[in-house]
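Here are a few notes to read alongside the structure. Take them one at a time and look for each feature as you go.

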Amino acid sequence: MPAITYREAIRHALAEELERDKNVVILGEEVGQFNGSYKVTEGLLAKFGPDRIVDTPISEAGFIGMGVGASMLGVRPVMELMFWSFYSVAFDQILNNAANVRYMSGGLINCPIVIRGPANGGTNVGATHSHTPENVLANHPGVKVVVPATPYDAKGLLKSAIRDNDPVMFLENTILYGNKGEVPEEEYLIPLGSADVKREGTDLTIVTYGRSVLHSLAAAEVLQKEHNLSAEIVDLRSIRPLDIDTVLKSVAKTHRVLIVEEQKPFASVGTQLTYMIQREAFDELDAPIHRLATVDAPAIYSPPVEIEQLPNPQRVLQAALEIFN
Amino acid sequence: MSKKATAAPKKSTGSATSAESPADAPVNRSLSKVERIELFRTMVRIRRFEERSLRAYQGKKIGGFMHPYIGQEAVAVGCCSLMGKDDHVITAYRDHGHAIAVGMGLNEQMAEMYGKATGCSKGKGGSMHFFAPDRNFWGGHGIVGGQIPLGIGLAYGLKYLGRKGAAMAFMGDGAVNQGAVHESYNLAALWQLPVIFVIENNGYSMGTSQSRSSAGELAKRAEGYNMAWDTCDGHDLYAVRAMMDKYLKLAREESKPAVIEIRCYRYRGHSVADPDNTYRTKAEIEEYRRTKDPIQTFQQRLIAAKILTEAEAEEIDQAARAEAEAAAEFAEASPFPTVENIQQDVYWEADNPAERKSQGRLFFD
């Protein structure tokens, strides 16, 4: 299998779906002529033309809402947010309109839209540009939320998202865009709501998603080598729908849980997971569920300190060891 | 670019209203007697339906908010009577008039407000959230101005899908100061989307008069976006049709957007929660009722033109009252949705399990 970047994997998914379905259209700031702020859509304008790859003004409430309206008519817009942080200026369109229109119409109207873009800290861009809103989004019944960690997952999940008849929020990561991974040349889809065990283990389950998967994998190597502890890494891949069964299966095997998330801790994805695990696998637990999140403050700018605010391999390692001490 | 957009920044009258009386505009001249009577009937049905709804609300049959359209009937009826099969409508929460004007039944609307399973949204939307996509009616939206981006989305969709049609995106005069509306103006003008932004200016954004909430002339803001704009008298059904016909044609045939301000008046408070005793006088309301009522005015014109008799008008009124009463009875007799229904119509996939592709839990407890 060829190794391609996370960025290329997303681009390939977009290109394949544009090719497959003429109702798919890409809209967003700088997606066309500029070739994408993060070069995800590079070359798509030349291949598909300006009707399919549409540069929008900086006007998120306007163009995201426009995409929602168009999706009600049967267009399948894939909207790029330059940063997911900008969802706040389109909040009403995403979480009042896209999330609710099927419900409020008694099921008469669908909203097959995908909103995608990076949602991560770690790039020293400060509090306004470092939001990770997967918990906020998933708090709204009606939307689906996906956070891929690898090129393989990003491609397969995005293709499924574009074919989905419900609104899908697809959260990428600027730090992962350049990461390479093996991706088959033949077409494949990954269903939303399927977690993936990224590493088998027996002593501890680390439940995580997004870039924190990579930190957890790095920490697991150290746990194995230096502490003789075997960690199993469950990558959720999708926050809503949520594959809790894979999590519970792993908990039944290891009896210890660490949740790692690039999230502010209050009412986070991890909070929900903790509730579900204790509720559904209480007797399996040999220790309290532990959670490592972003240090609870707005994203700090200072580059070396921001690394310590976010999950990182060292922090994951420490949190894992705390479970055994 | 329209002439209006390049003209000096003052309001000029549209061609449909300058040379001739609106009643003589081709779109009105071509109306048959039967069609004129139907326009009258639709306005009467809206009013009687809403009056019956208000009684039901006072009787605690209806919950939440309800925003009566009474007094503004000529706007929705005039605009929606021009719809072709590829024309679309979206509006805000004062949506009963538009729903009736596009042909939604009174039973399903009343039942929706009663919170019944037979309602147009199965009791999940309520008064502010009526929808009928089979009639190109896309709601019924609760947030002031929030529906306007969706409205340009309908127009964008029409253009992208290569359909000949236009979208009418209705808002109140209070919505014009929302950012989403201005973003939509820009996108519509930038991409020449076939959309008419219809400002139903009833003079008050809730309890705040236009002079206390909006700087400048409302529709004229279109000039900043190089968009055509115009105003008309919303008490005169013929004027609404003449004005909208002109701009709908431009939208359908040349994909040109426009902002149209239709001046009207609501007799009731902003919503049922508005005691209506703080921001305007009873005398003002009475003056409008007495001199400008759109239904009375139109009725007198039809009678003067010998299209309608007093007796026939009375018959139409009685039939509308009876229809509204029957709708209330239908709503009363209908079942409420069940607790099991709460989690239906959230996700397409959850409602179509045989075709579901995703896995995992969609709902949580």
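**Notes on the predicted model**

1. Let's start with two helices: α9(A) and α10(A) are oblique to each other, a word kept for angles that are not under 35 degrees (roughly parallel), over 145 (roughly antiparallel) or 65 to 115 (roughly perpendicular). The axes of α9 (residues 244-254) and α10 (residues 269-281) of chain A cross at roughly 60° and come within 11 Å. Axes here are lines fitted to C-alpha atoms, for helices over the stretch in contact, and angles run from 0 to 180 degrees between N-to-C directions.

2. Before going on, a word on the source: this is a predicted model, where local features need pLDDT of at least 70, side-chain atom pairs count only at pLDDT 80 or more, and totals for chains, interfaces and linings use all residues. Residues are numbered from 1 along each chain as its sequence is written, chains are lettered from A and ligands numbered from 1 in the order in which they are written, and side-chain values use heavy atoms, leaving out hydrogens and water.

3. Which residues bring the two helices together? Ile244(A), Val247(A), Leu248(A) and Val251(A) of α9(A) meet Leu273(A), Met276(A), Ile277(A), Glu280(A) and Ala281(A) of α10(A), where contact means heavy atoms within 4.5 Å. By class, this contact of α9(A) with α10(A) has 8 nonpolar, no polar and 1 charged residues.

4. Now find the open sheet in chain A, whose 5 strands follow the order β9-β11-β10-β13-β14 with mixed pairing. Its edge strands, β9 (196-199) and β14 (290-292) of chain A, each pair on one side only. Two strands pair if DSSP finds at least two bridges between them. The twist averages 25° from one strand to the next.

5. Ile259(A) stands opposite Arg291(A) in β14(A). Helix α10(A) lies across β10 (204-208), β13 and β14 of chain A, and runs at about 160° to β13(A).

6. Arg20(A), found in helix α1 (residues 6-20) of chain A, is partly exposed at 42%. Buried means under 20% relative accessible area, exposed over 50%, and partly exposed in between (1.4 Å probe, protein chains only).

Note on methods. Helix = DSSP H or I, 4+ residues; strand = E, 2+ residues; numbered from the N terminus. Nonpolar A, V, L, I, M, F, W, Y, C, P; charged D, E, K, R; others polar.
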